Amino acid sequence: MVWVNDIIQGILTGGLYALFACGLSLMFGVMKVVNLAHGDLAVIGGYVALGVITVTHIPVLWSFVIVVPVMAVLGYVLQRTVIQAALDRSVLTTLMVTFGLSVVIENALLEFVSANSQSLGVGNAIITRSFSIGSQIQIAYLLVLIFAVAVAVLLGLQYFLSRSKYGRMIRAVADDREAAQLSGVDYRHVFGIAAAIAFGTVALAGIAYGMYSQFAPTTGTDTILLFAFAAVVIGGLGSLWGTLLGGVVLGVAQQIGAQINISDEVLAGYIVFLAVLVLRPQGLTSRRAQS
Amino acid sequence: MSVVTDTSARSAEKIRVTRSRRNVAWTGVGALVVVVVLALFPYIVYSGTTTIMVQGFIVLTLACMWNLLAGYAGLVSVGQQMFVGLGAYFVLILALHGTSPFAGLPVAAIGCGVAAVPLWWLVSRLRSGYFAIATWVLAATVMLVIERFSSIGGGTGLPLPGLSGYDPAVLTADTYWIGLAVTVIALTATYLLLRGRLGLVLTAIRDDEVAARSSGARVGLARMLVFVVAAVGCGAAGGLNAISLLNVQPAAVFNVQWTAKMAFAVIIGGLGTIEGPILGTAVYMVLQQTLQSYNVWYLIVLGLVAMAVALFARRGLWGLVDDHLHVRLFPVGYWLWAPGSTGRRGIGLARRGGRPG
């Protein structure tokens, strides 16, 4: 029964990790940008939510109405300025610039909001309540909600990419930038849109993590970025639904690791990640070999 | 092009190939003088100064290694802190078994090189951005594994034993000399590596990987060699850090800020040149010392400067020096001299640092 509980908790946590991962995956899929500041931006989302809630007193669950657009605008602006400038130079420059951004954000947060841990919506009924199945399994409403949000985000992204006008442009630019440009698509604007969407999911990830656990300036790299990356690799590079599978596998591995030894939770996840890297480098879902 | 026609027309004459446009003997003499003067520092300056300089030696050694990785092998590693940490822990483990930390340092560095081989195997299939984050995950994993062993301090770490009998002044001076030695070895090794076959292969990869492969360059092997050498260097710097702090703490020695420091120093100084990391480390130390009373502001400023340099002055500060003065202190490329040519005209081969494109 303990193991069943672990697996259920792991699957639900996987939703959170998929939320971490889909923005990273989208930016790589469209722009070939590996954004090393991804996790720090999610943490910024968390702090923005905290600020919005403190100032406007809106319920924590509705904070996304403000935070997601704010982060999306930030994403568009960052993409059109710094990231695009780096992309125009080389892949190496993109890595160095996003790494610089990550270090700058993390240390600036340490300066301005201190290293103390924060969390969102402490004492909120929906966030703390849970329901039981049998005597051993307790499921938090929040985890179910986060999982549902992750699935909704992935469904929405899939629908957007396959059906909408901008989705078609994004796919066109991702496939062949020059050909798309010849057909009259401004790829810089399309990249900006894709970055805005990615940052919107990053904002959701930040809020979700803030409700689920505590965050501090260093959470962005040592938790969010690395877990997101592990989920992307386990699930298969460039696959949206793969990030959900990757997140679930990572979540289950962590829960089982924690069951064996409470301090081995994170390590167990990384060991599964490394095993996938060695045994199935193309990920669990992708059939295509990685270039 | 004119060189080619000249050669066929006047085949009797020889094309001269030299390492540098100018005679670089003075560089060697100059380097020797600098090292001798630096070696005398413990007799001249206060111990506070030498302690700061040890920090500079650590950053310079790390920067040299990151430059080899990113500037020459195209490997942007964000996980070099794993070797900084492993180096510190190897020194600690040896010290716990009765070896003097100074004697343990070379063993620790070589141990890091040995450990780098299986670690390389784990991440070698990944490229660019994915390689970067994978090394980061690997560093986190290594830290978590180390933290499991309570005999070496678990999650809190241990003070470094074996140096308590030392006179503080002697310890400071010895640490300084070891630091100087580590840095000189790191710089010399980088220079010699890049002058040799490996340097040639790396330059070929940098210019065109596919062409290099088809010419028989063993690209994977070259990259692995660089990864191992960088592990040895970072391990030595990590061990040196443990000796200078007399303490090993997992969260501190495996901190990603180590990689931030080395990367920023290299990017600011000039990626893909040997001189760049030296200049970058100087900038790093000046900023760090000036802003040290403002907590982590020096890292914020360094990060912003590094981003600006990466975007707008891609060959770094040394690139600017090179453009204006045409100076190479450590020539690793070749110069072709057309037959009969004298003076300053020659064609630089593989002269430029940094990656094209």
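Me: Helices (H or I, at least four residues) and strands (E, at least two) are DSSP runs, numbered from the N terminus. In what pattern do they follow one another along chain A?

Reply: This is a predicted model: local features need pLDDT of at least 70, side-chain atom pairs count only at pLDDT 80 or more, and totals for chains, interfaces and linings use all residues. Residues are numbered from 1 along each chain as its sequence is written, while chains are lettered from A and ligands numbered from 1 in the order in which they are written. Chain A has twelve helices and two strands. Read along the sequence, they give α-α-α-α-α-β-β-α-α-α-α-α-α-α.

Me: What radius of gyration does chain A have, and how does it compare with the globule rule?

Reply: The radius is taken over C-alpha atoms, and the rule is 2.2 Å times the number of residues to the power 0.38. For the 291 residues of chain A, the rule gives 19 Å. The chain comes close to that, so it is as compact as a globular protein of that length. Its radius of gyration is 19 Å.

Me: What box do the C-alpha atoms of chain A fill?

Reply: The box is taken along the principal axes. Its sides are roughly 65 × 50 × 35 Å.

Me: What share of the contacts in chain A with a separation of 6 or more joins residues 24 or more positions apart?

Reply: A contact needs two C-beta atoms, placed from the backbone, within 7 Å. Take those contacts in chain A with a separation of 6 or more.

Me: Which residues does A:Leu19 touch?

Reply: Leave out residues up to four places away in sequence. A:Leu19 then touches A:Ile146, A:Val149, A:Ala150, A:Val153, A:Thr201, A:Leu204, A:Ala205 and A:Ala208.

Me: Where do the two strands of chain A pair, and which residue is the bridge partner of A:Phe131?

Reply: Strands pair if DSSP finds at least two bridges between them. Four bridges join strand 1 (residues 130–133) to strand 2 (residues 137–140) of chain A, and the two run antiparallel. They form a hairpin with three residues between them, and A:Gly134 in the turn has a positive phi of about 70°. In strand 2, the partner of A:Phe131 is A:Ile139.

Me: Is A:Lys32 buried, exposed or partly exposed?

Reply: A:Lys32 sits in the loop between helix 1 (2–31) and helix 2 of chain A. Its phi is positive, about 60°, although it is not a glycine. It has 14 other C-beta atoms within 10 Å, so A:Lys32 is partly exposed.

Me: Is A:His57 buried or exposed?

Reply: A:His57 lies in the loop between helix 2 (38–56) and helix 3 (64–89) of chain A. Its phi is also positive, about 60°, and it is not a glycine. It has 7 C-beta neighbours inside 10 Å, so A:His57 counts as exposed.

Me: How far apart in space are A:His57 and A:Ser239?

Reply: In sequence, 182 residues separate A:His57 and A:Ser239. From C-alpha to C-alpha, the distance is 38 Å.

Me: Which helix gives the largest share of the side of chain B that touches chain A?

Reply: 35 residues of chain B are in contact with 35 residues of chain A. On the chain B side, the elements giving two or more residues are helix 6 (128–147), helix 12 (257–269) and helix 14 (297–312). The largest share is twelve residues, and it comes from helix 6 of chain B.

Me: How far is the C-alpha atom of B:Ile58 from that of B:Ala181?

Reply: B:Ile58 is in helix 3 (residues 47–72) of chain B. It has 26 C-beta neighbours inside 10 Å, so it counts as buried. Beyond four places in sequence, B:Ile58 touches B:Gly179, B:Ala237, B:Leu240 and B:Asn241. B:Ala181 is 123 residues away along the chain, yet the C-alpha separation is 11 Å.

Me: Which residue follows helix 10 of chain B?

Reply: In that helix, 20 of the 27 residues are buried, so helix 10 of chain B is largely enclosed by the rest of the structure. The residue after helix 10 has a positive phi, near 55°, and is B:Leu246.

Conventions. Buried ≥ 20, exposed ≤ 12 C-beta atoms within 10 Å, placed from the backbone.
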